[in-house]
Amino acid sequence: MWLKPEEVLLKNALKLWVTQKSSCYFILQRRRGHGEGGGRFTGRLVGALDAVLDSNARVAPFRILLQVPGSQVYSPIACGELLSGSDVYWAIATGATLEEINQHWDWLEQNLLHTLSVFDNKDDIASFVKGKVKALIAEETSSRLAEQEEEPEKFREALVKFEARFNFPEAEKLVTYYSCCCWKGRVPRQGWLYLSINHLCFYSFFLGKELKLVVPWVDIQKLERTSNVFLTDTIRITTQSKERDFSMFLNLDEVFKIMEQLADVTLRRLLDNEGFDLDPDLQEPSQITKRDLEARAQNEFFRAFFRLPRQEKLHAVMDCSLWTPFSRCHTVGRMFTSDSYICFASKEDGCCNVILPLREVVSIEKMEDTSLLPNPIIVSIRSKMAFQFIELKDRDNLVESLLVRLKQVHANHPVHYDTSGDEDMTSPVFYSTSMCSDHKFGDLEMVSSQNNKESEKETSPRLHPEALTAVFQQSGSQSPDSRMSREQIKISLWNDHFVEYGRTVCMFRTEKIRKLVAMGIPESLRGKLWLLFSDAVTDLASHPGYYGNLVEESMGKCCLVTEEIERDLHRSLPEHPAFQNETGIAALRRVLTAYAHRNPKIGYCQSMNILTSVLLLYAKEEEAFWLLVAVCERMLPDYFNHRVIGAQVDQSVFEELIKEHLPELAEHMNDLSALASISLSWFLTLFLSIMPLESAVNVVDCFFYDGIKAIFQLGLAVLDANAEDLCGSKDDGQALMVLSRFLDHIKNEDSPGPPIGSHHAFFSDDQEPYPVTDIADLIRDSYEKFGDQSVEQIEHMRCKHRIRVLQGHEDTTKQNVLRVVIPEVSILPEDLEELYDLFKREHMMSCYWEQPRPVAPRHDPSRPYAEQYRIDAQQFAHLFQLVSPWTCGAHTEILAERTFRLLDDNMDHLIEFKAFVSCLDIMYNGEMNEKIKLLYRLHIPPALTENDRDSQSPLKNPLLSTSRPLVFGKSNGDAFDYQKQLKQMIKDLAKEKDKTEKELPKMSQGMLQDPQWMPETMHSTELCTVMCCVVMFPSIMDQREFIQFCKTLYSMFHEDPEENDLYQAIATVTTLLLQIGEVGQRSGSSGSGSQECGEELQASAPSPEQDSVFADTNTGKIPQDSQGLPEGAEGDWTISLEHILASLLTEQSLVNFFEKPLDIKSKLENAKINQYSLKTLEMNRQSQPELKLSSL
């Protein structure tokens, strides 16, 4: 396999390698201990070392070295070892077998060996070989990607067509392609749909007409399946400006899922990187394949269905049957195996689910294969239960892989047994014997109970040892006997259930347990079952001492997050006695601060305090922490961050469910966003903030068992119960009153504790009795009427609405930026919108195809609106070339660099949209004096620097001056005749110096002091504009800067219709300004100094062979002592902005040029067409050196 060339050092390597073949340039070597017939000690030792090493660290047994004759440098073309020493090698490929390395050797002999002899330079040989090998690697990689597809040859053919038709950079990876129709009105266009990592593309050539569509995934605002008049099933892509329908797919379901995955991955990667971590397989977009996307979809469903951690990776899904003792039969379903879990889900939804953490598994064994029990395996767990799976295909490989992962899990999280516990086994046991009953874990696998007890004494006072409800009860609040009897009945029912279905996290989860949860979990079991249902118990057992360490690390630190936490501590269930006491407040502080320390991305968000305070009521402090982790990081993903994207997505899903299940209500309330805004707190606090606590905890019970589905169906049940009143409401305020009154009067008749109302209730002092709703009835109705939503449906809707929510945030950002910019510029709002889209697209294209540069960070939604999209100098240069009216040919790029440096006022090498547009506004709509002022500033520091690549003049620096006017003859049509005349002017400068000494003072003084001196073309109003609008500019321009200023002006006039008139006018103005600058120099220089300057100038006059007086050259270098003169030093040649403005106003053609109206719309249209091609051209130009090497 060819490798990317990399340097390695060689020292004493010949003792480890044996030469097999050699030629003038290449040496093939074999590593000792591989393929040797003899039994030498050295060979055996090396072979043994290589065999013992991990597979990732093993050295390839064969390699090829590049040997350049007469050089001490060797380049291994096929090697796998990094050695230390003085000689240098280049690692280029590896050979695992003699056959493989011989193939590389034969290729080198046939293709390179004879070519290398034509090189004279040894470095050229090395560069050529490295370039060729890089090309081979690129071809090999492309072939491997193609081979990953189902039909490699067809995919290669499609890839070639995709690259030829759309001309994207090589980094734009094609994922898959389909034949389909794109509808244009009522006319279908048959063609090919190409789905790449960043774009959706369609190509059609029909009846001589070519159609190309390119839609970036980040521009898609809606992706849905719909139907039209002609077809029942189409895929509709909606962008900001258009809707496009695609149909006639062979497998529309597959196409839609791939499109949905690509849109979701790309939008979240580019627009929602605040809280989105890509799967490891998708970290490198250029390596994404269709299989990767299908695997990601399956992986996300698996994690959502069983509510497992995000980092859990699915390995296999297979059909099987599980023995269910409660039904005395095998239940058909599917087994899911991942890094740390074995899960089972029955085909009949809700019939039976099982979650087996590998941490709880003791053994996995194969049983004898019989006709009644085909391919069975037994999975035994620590709580003395066993699970029998049958009808497993490829059973041997499955068991082998499971045993490997089981061993790895036990090695990473060793199990500690607490022998000191004497728990009453007749009570409900929720933890396997692998965990201590009081969660007091040792740091190591083998810890004596005595050491455990000592450490407990030291650390236990810091953490609250039990649930707060067990300590804090209101005085005189004993529940009636009837309530206590109901609680005992519930406990009895749960105990019976535990006996039959299991009592650990590995219990059988059936419809029966869902009914028990809907009735309300008993107070004494609530915290324990929350831990089991959420699988927080596994995290708790796997991380002994973790929470205590977090508390110690985080407490006492003061930052913005801790200040927010302190502000909200006393707002958390203030009506409950547990939080009217420092004990409860301190526990809440510790949990919230520890979590913020664990997960800085989330930190602390409002509503976390309410949720955590309820968790502390029913669970121990450490248990409450891990429950909070489960809720924030996997049960409510992306809820608790800067933009609460997850909650907004679920609100949008809730709107769709309202339309589906409550159509009459949806029809009456045209704008469902009002209901969505009301329901935001329902999702963020799980109804805890808007419902009496004793009722809301029953909702939390359902949430921990069924996930977000329980909140959706309960929300629908609440709206259904109030549908008539909501339809009769006149406005959003009245609808809010209806819902608030209803929620405040939901009671829990079975609660053993005293009623505790919601402190957010709106109507606690009703004038007339309001009907009370029992929470158990409401939950039962929600399951019966709206419990048919599956996890797969909910995840699909989430994916669809996430696109809409993210694009909504993008629109908000755009509108806020434009709202700030519009009042400050004269560019029309519609043109500003297009400029913003171009600005954003330029940023996005760099994210598509370039490695993230340290200067240009990716989109950061947590920053202020104006700073979310910023561009660097390279991106600015592209936009400047596309939309700036000041195009100067080859000089445009240099002018763009200077403009960027001028706009980058805070020196962070990034500029925002506002700065970019303000500069364009001056170029297009500014007054003449504003445009000249901008040009002037572009040619003085900080825009023009000493290291500017175009700032070196062929002159030595001291003086450039003449009174000889430049005259342009139009007869020859030579547009560049001014350059020759300017050279001649410089040569004649010394001869005319004496003559100008007498005339210059009069002319310059008259120009600056006597208004009557001004020519007739300069009106008094223009003079007022110059003197009033241009404040005395603090910086003055020296000779080097003035030359660059003139060069820019000459470049701007190129290809203008009035080109010759403009050249003659600027020549006249330049002559005049040179004379004015000389006046300033003479006022501070002696006669002898002037004479020296004249001699230096004459000596440095350019030769006639030079093309341009302003061209880059190395012949006339500025002495170092003359470059560092301070500004305004005695004898310096200088000119001011006022001089330039006044001189330019003397030439009407120049005035007309800078005052003529400019059309930005045509530029914008061209920019939209050419932005992609310009980026592709630039990226191809960057890779050109390597292409040249590989093509030799």
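Trainee: What do the side chains of Glu-633 and Arg-598 do?
Mentor: They meet in a salt bridge, 3.0 Å from N to O. That term needs a side-chain nitrogen of Lys or Arg within 4 Å of a carboxyl oxygen of Asp or Glu.
Mentor: Glu-633 sits in helix H17 (residues 621-635) and Arg-598 in helix H15 (residues 582-598), so the pair ties together parts 35 residues apart in sequence. Helices here are DSSP runs (H or I, at least four residues), and strands are too (E, at least two), numbered from the N terminus.

Trainee: Where did these coordinates come from?
Mentor: This is a predicted model, where local features need pLDDT of at least 70 and side-chain atom pairs count only at pLDDT 80 or more, while totals for chains, interfaces and linings use all residues. Residues are numbered from 1 along each chain as its sequence is written, and side-chain values use heavy atoms, leaving out hydrogens and water.

Trainee: Okay, Arg-236 and Asp-245: buried or exposed?
Mentor: Both are buried, meaning under 20% relative accessible area; exposed is over 50% and partly exposed is in between (1.4 Å probe, protein chains only). Arg-236 and Asp-245 form a salt bridge as well, with the closest N and O atoms 2.8 Å apart.

Trainee: And how accessible is Glu-633?
Mentor: Glu-633 is partly exposed at 24%, and Arg-598 is partly exposed at 27%.

Trainee: How many salt bridges are there in the whole structure?
Mentor: A search finds 39.
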